[in-house]
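Have the structure open beside you as you read.

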Amino acid sequence: MPKDALNSRQRLQKTLNHEPVDQVCVDFGATAVTGIAVSTLSKLRQTVLGEKDYRVKVIEPYQMLGELDSKLMEALGIDVMGVFGPKNMFGFENKDWKPFTLFDGTEVLVPGDFNVTPDGEGGLFLHPQGDTSVPPSGHMPKDGFYFDAICRQEPIDEEKLNPADNCVEFGVLSESDIEYYKKEAKAAAERGKGAVLTAPGTPFGDIAMIPAVGMKHTPGIRDVEEWYVSTVARRNYVYAVFEKQCEIALENLGLLAEALGDDVQAVFTTGTDFGMQTGLFISPQAYRDLYKPFHKAINDFIHQNTSWKVFIHSCGAVKQLIPEFIEAGFDILNPVQCSAAGMEPQELVDRFGKDITFWGGLVDTQNTLPFGTPEEVYREVSERIEIFQQKNGFAATSIHNIQSNVPIDNVVAMFKALGRDFLRF
């Protein structure tokens, strides 16, 4: 290692501090929004390391994201590890691994409670907490790659609506939960990797969470459309849900802050999307009224009690909200969807580069990566690094998760543009 080279943990810390680094900090797999679909990851691992009998683990079954094991992380020069809770979104633990074959023939490993039943049309149902005696909460259609949430909305009685029903999935962490997080964070620190905590219960109104696919029973408002309508038509109800959720989240953050300390450098708190391809789907005033008070409460607590930087994920054309995000206390913006209206990289850097870390924006996962040539991928990645590194504060990852059916030559071109030389492996 060159005399002035940084280890991964140092590289992430300097990135978060907007200080110069020896090479761009890279994250793939540290969060549920910076991952790689397991089928693509399996092909990538085979290309880089061989070991054709190796089965990649599915660690996030909702989106079927794969685990980047330590050997692959080393080969690809990945700098950041995720600190996740003991259970995935379907409510079961990632343990007791067993073989599973995807529709495209990819052989993987899934958790022991990843229990599927046929849908009668060639597809699969997945059940909350692995309990096949209750109705399924996820559906993968025939030849699909992911699970869609199944709406299990119970009939709504306006007279009996109780905000507590939309909080049943939130609770104070147990001692064993805390120990699990502590072990994960310690592992990252001991390996010299950067560490990003995924905080429990802090995404207010994240539409991926509303159906509560990990719950066997789903009282409250659980239909996606009904929830969005409720943010206007039942504003007081939604606000009351957020108040209770925030109370529990702050208690858990206090426990985690004490347990994890400086083993963690950043914390992913919210994945609620506020943007479309063409603009916002929420007015700035609506953000200020409904979401910002809770974002600020969470972020203020984190900044007052830890050294962690706070990570917000919001897809789409959110340029108009970035000043609001910064004012609410967010330090990191992801995925930086440069293909959306008004999200030109140079303008983002010029306007906000001193105030926020851009975590994403490396390559377009809707167009360039899946449909471009390796040369086009290499060129786009190189250009994005040059732009986003101008004021430091850039953590490189693709615009959201790398999907299935992406040409492996394109993924390899992306890593080569990042300066990763894995030919020695």
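Helices (H or I, at least four residues) and strands (E, at least two) are DSSP runs, numbered from the N terminus. Met-276 counts as partly exposed because its relative accessibility is 37%; buried means under 20%, exposed over 50%, and partly exposed in between (1.4 Å probe, protein chains only).

A word on the source: this is a predicted model, in which local features need pLDDT of at least 70 and side-chain atom pairs count only at pLDDT 80 or more, while totals for chains, interfaces and linings use all residues. Residues are numbered from 1 along each chain as its sequence is written, and side-chain values use heavy atoms, leaving out hydrogens and water.

Now for the charges. The structure contains 21 salt bridges, each being a side-chain nitrogen of Lys or Arg within 4 Å of a carboxyl oxygen of Asp or Glu. One of them joins Asp-79 to Arg-11, with the closest N and O atoms 2.6 Å apart. This pair links distant parts of the chain, 68 residues apart: Asp-79 lies in the loop between helix H3 (70-76) and strand S4 (80-83), and Arg-11 in helix H1 (residues 8-16). Both Asp-79 and Arg-11 are buried.

How far apart are the closest N and O atoms of Arg-234 and Glu-226? They are 2.9 Å apart, in another salt bridge. Arg-234 is buried because its relative accessible area is 14%, whereas Glu-226, at 25%, is partly exposed. Glu-93 and Lys-95 also pair up, at 3.8 Å from N to O. Salt bridges also link Arg-45, Glu-51, Asp-69 and Lys-71 into a network.

Finally, look at the helices. The axes of helix H2 (residues 38-49) and helix H12 (residues 408-417) come within 10 Å and cross at roughly 65 degrees. The crossing of H2 and H12 is right-handed, meaning that the near helix is turned clockwise from the far one by less than a right angle.

Definitions and conventions:
Axes are lines fitted to C-alpha atoms, for helices over the stretch in contact, and angles run from 0 to 180 degrees between N-to-C directions.
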